[in-house]
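Please work through the following exercises with the sequence and the model side by side. Each task is followed by a solution that goes step by step.

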Amino acid sequence: MFTQHDAPTSAAPAPTRVTLPTATDRPVPLIVQQWAEAWNTADATGLAALMTEQGVYQDFAFQARNVGRDGVAHWLDLTVKSIPDTHVTVLDAFQVGDRAAAQWIFSGTPTGFGDLDGRSFSVLATSLFHLRDGKIQEVTDMYNRADLFHQLGLPSDHWVAPQP
């Protein structure tokens with residue numbers, strides 16, 4: 001568990017920061033390095049080029065599914081438009097054959113959302129990659145949207161079991 005909270009109260013709790021793990025010293029597969037670099041430089045064309053022609057990019061937290069290189073480029077553009085300082089920090093990753101996985105930190109500061117301006121988040125994420133011929137056929141991002149919303153001070157249904 002990355003956070004500690006008391007039992008829920010009727011008042012909305014103040015946003016808290018989680019303690020995130022640190023990066024390992026294992027080498028990161030090239031495809032994961034390129035994927036992270038595309039996100040960190042807001043390079044929609046570069047991210048699209050990593051995908052197969054009909055590649056799929058899924059974000060489970062926001063229930064988004066983007067198909068094809070244009071759809072993938074649109075997803076990055078949409079994200080960066082909402083969160084201009086979107087950042088991926090890879091903590092650990094590995095590849096076995098045509099499968100790869102990465103644990104990473106997704107962070108940023110949304111803009112253009114009124115009261116959210118200036119508030120930032122940093123959440124632990126995992127991505128699973130299915131590769132074909134050195135390209136990404138499908139990548140699925142998984143992170144806790146409630147943690148992200150909680151850090152931004154939004155309603156989040158954020159509940160953690162009380163600690164013994």
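Helices (H or I, at least four residues) and strands (E, at least two) are taken here as DSSP runs, numbered from the N terminus. The model is predicted, so that local features need pLDDT of at least 70 and side-chain atom pairs count only at pLDDT 80 or more, while totals for chains, interfaces and linings use all residues. Residues are numbered from 1 along each chain as its sequence is written, and side-chain values use heavy atoms, with hydrogens and water left out.

**Exercise 1. Describe the overall make-up of the chain.**

Step one is the inventory: the chain has four helices and six strands, and along the sequence they follow the pattern α-α-β-β-α-β-β-β-β-α.

Step two concerns burial, where buried means under 20% relative accessible area, exposed over 50%, and partly exposed in between (1.4 Å probe, protein chains only). By this criterion, 42% of the 164 residues count as buried.

Step three turns to contacts, meaning heavy atoms within 4.5 Å. Among the contacts in the chain with a separation of 6 or more, 56% come from residues 24 or more positions apart.

**Exercise 2. Determine the strand order of the sheet and find which strands stand at its edges.**

Begin with the pairing rule, under which two strands pair if DSSP finds at least two bridges between them. The six strands then form an open sheet in the order E2-E1-E6-E5-E4-E3, with mixed pairing. Strand E2 (64-67) and E3 stand at the edges with a single partner strand each, so one side of each is left without a neighbour in the sheet. For the angles, axes are lines fitted to C-alpha atoms (for helices over the stretch in contact), and angles run from 0 to 180 degrees between N-to-C directions. Neighbouring strands of this sheet are turned by 15° against each other on average, direction ignored.

Next, examine individual pairs. E3 and strand E4 (residues 99-108) run antiparallel and are joined by nine bridges, and the bridge partner of Thr-89 in E4 is Ile-105. E1 and E6, by contrast, run parallel with five bridges, and Asp-59 has Asp-141 in E6 as its bridge partner. Four bridges join E1 to E2 in an antiparallel arrangement, in which Val-56 stands opposite Val-67 of E2. The hairpin of E1 and E2 has four residues between the strands, and Gln-63 takes a positive phi near 50° there.

**Exercise 3. Explain how the buried residues of helix H1 are arranged.**

First, list the residues: in H1 (residues 30-40), Ile-31, Val-32, Trp-35, Ala-36, Ala-38 and Trp-39 are buried. Second, look down the helix axis, where the buried residues of H1 fall within an arc of 160°, so they line one face of the helix; the arc is that of the directions from the helix axis to the C-beta atoms. As a general point, an α-helix has 3.6 residues a turn, so residues three or four places apart point the same way.

Finally, look at what follows the helix. Ala-42 lies in the loop between H1 and helix H2 (44-50), and its phi is positive, about 55°, although Ala-42 is not a glycine. With a relative accessibility of 37%, Ala-42 counts as partly exposed.
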